[in-house]
Amino acid sequence: MSPDPSPSPAAPIASVLFVCVHNAGRSQMAAGFLTRLAGDRVEVRSAGSLPAERVNPAAVAAMAEVGVDISTERPKTLTPEAVTASDYVITMGCGDACPIFPGKTYLDWPLPDPAGQGVESVRPVRDEIHRRVRSLIAEIDAGREV
């Protein structure tokens, strides 16, 4: 009996790494949205080139307003291993800090850094991230239909 070549229903269809400088705002919000919207279908990671000590409280508050809890998340350091383990690498203002490996899909989302801003300034960034994450899910799903 040969093994079934199709992935199990529980296997993620893609893995995504969100990267920003501090891994405290934009990348955490994006990871929160993707986790909420895609569930177990997509493996989600986030990291920063110079991680902060904690997630931006205004980002936590802005996400809570839309029912996504990122309050227990912690900023993580960007590693080459995180990049190689990901199908999609989405950068948000980390410049040249993100290593480039062949075979990965790289997207740059130029979004304002919400560091030091109040929740009212974070909301538009949150909403744009939400829109982009929904488009990313559609792109991932379309790629799996080919």
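## Exercises on a predicted protein chain

Along its sequence, the protein chain runs in the order β-α-β-α-α-β-β-α. The model is predicted, with local features requiring pLDDT of at least 70, side-chain atom pairs counting only at pLDDT 80 or more, and totals for chains, interfaces and linings using all residues. Numbering starts from 1 along each chain as its sequence is written, and side-chain values use heavy atoms, with hydrogens and water left out.

### Exercise 1: the chain as a whole

Determine how many helices and strands the protein chain has, and describe its burial and contacts.

*Solution.* Step 1. Helices (H or I, at least four residues) and strands (E, at least two) are DSSP runs, numbered from the N terminus. The chain has four helices and four strands.

Step 1. Buried means under 20% relative accessible area, exposed over 50%, and partly exposed in between (1.4 Å probe, protein chains only). Of the 146 residues, 40% are buried.

Step 2. A contact requires heavy atoms within 4.5 Å. Among contacts with a separation of 6 or more, 72% join residues 24 or more positions apart.

### Exercise 2: helix H2

Identify the buried residues of helix H2 and state where they lie around its axis.

*Solution.* Step 1. In H2 (residues 57-65), the buried residues are Ala58, Ala59, Ala62 and Met63.

Step 1. Viewed down the axis of H2, these buried residues fall within an arc of 130 degrees, so they line one face of the helix. The arc is that of the directions from the helix axis to the C-beta atoms.

Step 2. At the N-terminal end, Asn56 caps H2 through a side-chain oxygen that lies 2.8 Å from the backbone nitrogen of Ala58. After H2 comes Gly67, with a positive phi near 80 degrees.

### Exercise 3: Thr91, Ser27 and Pro110

Classify each of Thr91, Ser27 and Pro110 as buried or exposed, and place each in the structure.

*Solution.* Step 1. Thr91 belongs to strand E3 (residues 88-91) and is buried, at a relative accessible area of 11%. Its side chain makes a polar contact with the side chain of Asp108 (2.8 Å). Such a contact is a pair of N or O atoms within 3.5 Å; within protein, one must be able to donate a hydrogen and the other to accept it, and residues adjacent in sequence count only if both atoms are side-chain atoms.

Step 1. Ser27 lies in helix H1 and is buried, at a relative accessible area of 0%. Not counting residues up to four places away in sequence, Ser27 touches Phe18, Val19, Cys20, Ser46, Ala47 and Met92.

Step 2. Pro110 sits in the loop between strand E4 (105-108) and helix H4 (119-145). Its relative accessibility is 59%, and therefore Pro110 counts as exposed. Pro110 and Met92 are 18 residues apart in sequence, with their C-alpha atoms 5.6 Å apart in space.

### Exercise 4: the largest pocket

State the volume of the largest pocket and identify the elements that line it.

*Solution.* Step 1. On a 1 Å grid over the protein atoms alone, a pocket is an open set of points with protein on both sides within 12 Å along at least five of seven lines; lining residues have an atom within 4 Å of a point.

Step 1. The largest pocket holds about 180 Å³ of space. Helix H1 (26-38) and strand E2 (42-48) are the elements that give two or more residues to its lining.

Step 2. Its lining has 13 residues, of which Ala31, Gly32, Thr35, Ile70 and Glu73 lie nearest the centre. H1 supplies the largest share, five residues.

Notes. On a 1 Å grid over the protein atoms alone, a cavity is a set of points where a 1.4 Å probe fits but cannot get out, and a pocket is an open set with protein on both sides within 12 Å along at least five of seven lines; lining residues have an atom within 4 Å of a point. Grid points are joined across faces, edges and corners, and a volume is the space filled by probe spheres set on the points.
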